[in-house]
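Let us take a walk through a protein together. Keep the picture open as you read, and find each residue when it is named.

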Amino acid sequence: MNHPQESAAPALRRLLDLLASGAATEDFADVLADARRRGAPAAVLAEIDDATWQALRVHRTLRQHRRREAELTALFDTAGDLAASRDLDTVLQAIVRRARMLLGTDTAYLTLPDEAAGDTYMRVTDGSVSVLFQTLRLSLGHGLGGLVAQTARPYATPDYRTDERFHHTGTIDAGVLDEGLVAIIGVPLLLGGQVIGVLFAADRSPRAFSPDEVALLCSLAAHAAIALDTAKSLADTRAALAELNAANELVRAHSAAVQRAEQAHDRLTDLVLRGAEVPDVAAAVAALLGGEIAVLDAEGEPLAGRSAPAAELAEAVAASRAEGRSVRHREQWVCAVLAGHDALGTMVLRGRPDLDDADRRLFERASVVTALLLLLRRSVAETENRIRGDLLTDLLTAPERDPAGLTARGRRLGVDLARPHLVLVAEPADGKTDERGRLAGAARRYLFGSRGVSAEHAETVVLLTPVESGSGSGSGSAVGAGDPEETARQAAERLARLAGFPVTVGAGRPAAGPSALAASYGEGLRCLRALRVLGRAGEGASARALGFLGVLLGDGHDVDGFVGATLGPLLAYDARRGTELVRTLRAYFDCGGSLTRAKDELHVHVNTVVQRLDRVEALLGRDWNQPERSLELQLALRLQLLAGG
């Protein structure tokens with residue numbers, strides 16, 4: 001039975017209650033089903049259906065935020081364990097347990113080498129149910145762990161049983177089979193360029209591990225390596241105290257150095273837990289080491305301290321990455337900032353050419369803390385960009401549907417659509433759509449640290465950047481510049497470096513408001529297509545920079561700007577000297593390039609026409625009479641004539 005006056009409000013309140021209570025996804029569908037059973041009108045059902053879709057979207061976003069919050073909390077808790085605990089077993093067990101929790105796997109475990117036996121053994125397991133697996137010993141070079149140890153790189157397999165990249169043995173396969181494991185990922189514990197163990201996470205069903213999961217597991221492995229290193233340092237200290245009583249002063253000095261390193265690590269960890277930024281960590285390390293600290297991003301741009309030429313540090317950075325330790329470079333020390341094998345930046349210490357082992361280790365620990373900060377910042381920025389990207393997609397898809405709502409959404413997300421923005425439209429220069437994902441990632445890194453937004457849209461990647469009075473952000477990009485031509489050119493160059501392949505970028509004119517921004521996107525898209533047709537793929541340009549094509553492509557049709565850019569030198573010369581170069585050039589083209597007919601049209605001697613055209617060539621360049629340039633000049637002359645020039 002239909003109820004004409006029935007409202008969707010009760011159902012909407014129920015959806016809000018489900019969101020507030022964190023209900024399961026399936027519960028949201030029951031709201032629409034109940035309304036159908038009650039015989040609600042079609043309009044009410046449609047409203048409930050749309051609200052249910054929006055509620056599920058918010059539910060997914062909240063769930064992603066909770067998952068990210070759990071990951072960050074686990075990483076901070078691990079750093080806190082390292083700072084507060086001296087019990088190696090407790091720290092390693094916590095790391096393995098959190099690895100299992102972060103990746104949501106059935107089990108996680110850590111293996112260490114047994115130098116006496118010449119093999120490796122299970123040091124810690126979590127979630128394991130097989131005694132055979134828990135007591136498994138692996139020969140060096142065998143199994144997935146052997147591959148990780150040999151290459152010092154992470155490896156993941158969606159199905160261990162069928163993967164032939166590593167050497168299978170009956171003993172290992174029996175243990176894996178008894179545990180029921182299928183998908184396995186292993187990352188190395190690196191110390192001083194050497195693999196000192198392997199951290200694993202595994203599922204009992206096929207699964208593909210994402211790059212984010214690999215990076216998170218590598219961060220935990222770095223913590224485990226620090227824990228093992230600290231434990232080894234303490235063990236060495238105890239052995240020295242027992243065996244070298246006569247060298248008590250030396251031992252005391254060593255112990256003081258270790259304590260200083262621990263205190264420094266506690267201080268750095270406290271900074272991270274209190275939400276400090278990279279410059280705060282750099283300042284703390286500089287105070288501890290009595291030197292000057294600079295932190296550079298992956299492209300060599302300064303995040304803290306003074307910059308340094310990237311080419312000058314390239315060899316030292318490569319050596320640091322290969323060794324997994326800081327290296328001395330002339331009168332300074334260089335340490336690669338890594339998350340696993342992902343290079344996030346570089347830390348440089350100046351003013352301390354001679355570092356003892358403790359200070360060197362403190363410097364290296366600071367790079368690990370910096371890597372954690374940068375990784376967290378990148379994760380948060382990517383999450384924010386995905387949410388803002390939804391706004392950009394809606395803006396480009398239907399700007400007229402609810403411009404006020406779009407502007408309000410943008411304001412809540414920190415994007416003021418009422419302010420002027422530049423719209424950049426980018427695509428791989430070779431047109432391959434399978435590279436668009438890498439280009440989208442490069443766009444997020446390009447905008448990192450700015451208030452810009454990017455999103456994949458209609459086979460392209462669109463970037464929305466606020467127009468600022470300065471030349472850009474501290475990251476060295478042109479983000480925020482106001483000149484469309486220069487911004488597009490620099491964006492094409494930097495996106496190409498970040499993506500690893502040539503990128504074409506078209507820029508629309510600066511615009512404010514949803515409708516104007518959507519129109520600017522259309523202009524940028526047409527400019528992008530024009531660059532492709534003109535054979536200028538891999539470049540960046542605006543419509544105005546494309547000459548007469550820009551006049552045809554641009555929404556504003558800047559005729560005066562085109563005429564001025566094309567005939568400017570001739571107009572200025574005529575105004576300054578009282579000559580008739582523009583009139584002569586128009587007559588020459590009107591007469592089909594005939595000097596004889598042109599001199600009759602102008603009522604001058606043919607030599608005068610030749611002299612004037614020589615002056616035109618001197619002002620415009622030797623290619624003025626080539627087909628493409630000639631077409632531009634004739635179009636500009638005709639437009640000037642129509643305008644009364």
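We begin with the whole chain and then visit a few places in turn.

This is a predicted model, in which local features need pLDDT of at least 70, side-chain atom pairs count only at pLDDT 80 or more, and totals for chains, interfaces and linings use all residues. Residues are numbered from 1 along each chain as its sequence is written, and side-chain values use heavy atoms, with hydrogens and water left out.

The protein has 22 helices and 16 strands. Here helices (H or I, at least four residues) and strands (E, at least two) are DSSP runs, numbered from the N terminus. Of its 645 residues, 47% count as buried; buried means under 20% relative accessible area, exposed over 50%, and partly exposed in between, with a 1.4 Å probe and protein chains only. Take the contacts (heavy atoms within 4.5 Å) between residues at least 6 apart in sequence: 61% of them join residues at least 24 apart.

Now look for S128, which sits in the loop between β2 (119-126) and α5 (131-134). Is S128 buried or exposed? Its relative accessibility is 15%, so S128 counts as buried. Not counting residues up to four places away in sequence, S128 touches T107, F133, Q134, E179 and R204. With one of these, E179, the side chain of S128 makes a polar contact of 2.7 Å. Such a contact is a pair of N or O atoms within 3.5 Å; within protein, one must be able to donate a hydrogen and the other to accept it, and residues adjacent in sequence count only if both atoms are side-chain atoms. S128 and G180 are 52 residues apart in sequence, yet 9.7 Å apart in space from C-alpha to C-alpha.

A pair of aromatic rings is described by the distance of the centres and the angle of the planes. Rings of Phe, Tyr and Trp (its six-membered ring) pair if their centres lie within 6.5 Å; planes under 30 degrees apart count as stacked, over 60 as edge-to-face and the rest as tilted. The count comes to 6 aromatic pairs. One of them joins Y109 and F133, with centres 5.0 Å apart and planes at 85°, so this pair is edge-to-face. Because Y109 lies in strand β1 (residues 107-114) and F133 in helix α5, the pair ties together parts that are 24 residues apart in sequence. Y109 is buried at 5% relative accessible area, and F133 is buried at 1%. Ring pairs link Y109, F133 and F200 into a cluster.

What is the volume of the largest cavity? It is about 90 Å³. A cavity is a set of points, on a 1 Å grid over the protein atoms alone, where a 1.4 Å probe fits but cannot get out, and lining residues have an atom within 4 Å of a point. Grid points are joined across faces, edges and corners, and a volume is the space filled by probe spheres set on the points. The largest cavity is lined by 13 residues, of which Y109, L138, I172, V176 and F200 lie nearest its centre. The elements giving two or more residues to this lining are α6 (143-151) and α7 (170-179).

Finally, find T346 in strand β11 (residues 342-350). T346 counts as buried, at 8% relative accessibility.

Notes: 1 Å grid on protein atoms, 1.4 Å probe; cavity = no way out; pocket = protein on both sides within 12 Å on 5 of 7 lines; lining within 4 Å.
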